[in-house]
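Colleague: I have a new model on the screen and a few questions about it. Can you take me through it, one point at a time?

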Amino acid sequence: MRTVLPAALVALAALPALAGEADVEAVDVRPEAGGTYRFDVTVAHADEGWDHHADQWEVLDEDGTVLATRVLAHPHVDEQPFARSLGGVAVSDGVRHVVVRARDSVHGHGGDEVRLALPDR
């Protein structure tokens, strides 16, 4: 057992951080003048500091093309969930639905996404 215990501790230390993946909890999208859209996005992630935090969210079209990226400038350790906005997002005329996904600095993309219809299409 003495040789197994140190090996088990080494294996546990190699596991990814406990914060998990960044999840999109809510999205509010509104048309803007000039045919663009404003996205207000709520993200949840157990940010642990600069080494593991939600670092961006993206708006994608139905084919998976990234239309816009909102970079998150700092960890939100004491502000969970948190909401950030991005305006001026251009969306091609034929696109009826978009997907919003978040990313964290350890896992990348992979948490909960939100698919929604654009309000005027």
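Colleague: Start with the histidines: what distance separates the side chains of H45 and H52 in their polar contact?

Modeller: A polar contact is a pair of N or O atoms within 3.5 Å; within protein, one must be able to donate a hydrogen and the other to accept it, and residues adjacent in sequence count only if both atoms are side-chain atoms. H45 sits in the loop between β2 and β3. Its side chain joins that of H52 at a distance of 3.4 Å.

Colleague: What ground rules apply to this model?

Modeller: The model is predicted: local features need pLDDT of at least 70, side-chain atom pairs count only at pLDDT 80 or more, and totals for chains, interfaces and linings use all residues. Residues are numbered from 1 along each chain as its sequence is written, and side-chain values use heavy atoms, with hydrogens and water left out.

Colleague: Is H45 buried or exposed?

Modeller: Buried means under 20% relative accessible area, exposed over 50%, and partly exposed in between (1.4 Å probe, protein chains only). H45 has 4% relative accessibility. Therefore H45 counts as buried.

Colleague: How many bridges join β2 and β5?

Modeller: Two strands pair if DSSP finds at least two bridges between them. β1 and β2 run antiparallel, joined by 8 bridges, and form a hairpin with 4 residues between them. D23 stands opposite A44 in β2. β2 also pairs with β5 (residues 82–90) in the antiparallel sense, where V41 has R84 as its bridge partner, and the number of β2–β5 bridges is 7.

Colleague: Which residue in the turn of the β1–β2 hairpin has a positive phi?

Modeller: The turn belongs to the hairpin of β1 and β2. A phi of about 85° is found there. The residue is G34.

Colleague: How many residues of β2 are buried?

Modeller: Across the protein, 36% of the 121 residues count as buried. β2 is mostly covered. Of its 9 residues, the number buried is 7.

Colleague: What share of the contacts with a separation of 6 or more joins residues 24 or more positions apart?

Modeller: Contact means heavy atoms within 4.5 Å. Take V100: leaving aside neighbours within four places in sequence, its contacts include V24, F39, W57 and L116. For the protein, the share from residues 24 or more positions apart is 59%.

Colleague: How many salt bridges are there?

Modeller: A salt bridge is a side-chain nitrogen of Lys or Arg within 4 Å of a carboxyl oxygen of Asp or Glu. Side chains of opposite charge can pair when their charged atoms come close. By this rule the count is 5.

Colleague: Which residue forms a salt bridge with D40?

Modeller: D40 lies in β2 (residues 36–44), and its partner lies in β1 (residues 23–31), 10 residues away. D40 is buried at 16% relative accessibility. With the closest N and O atoms 3.0 Å apart, the partner is R30.

Colleague: Why does the D55 pair tie together parts apart in sequence?

Modeller: D55 meets R103 in a salt bridge at 3.0 Å, N to O. D55 lies in β3 (residues 54–60) and R103 in β6 (residues 97–104), so the parts tied together are 48 residues apart. D55 is buried at 13%, whereas R103 is partly exposed at 27%.

Colleague: Which residue forms a salt bridge with R101?

Modeller: R101 lies in β6 and its partner in β3, so the pair ties together parts 43 residues apart in sequence. The closest N and O atoms are 2.7 Å apart, and the partner is E58.

How values were computed
Helices (H or I, at least four residues) and strands (E, at least two) are DSSP runs, numbered from the N terminus.
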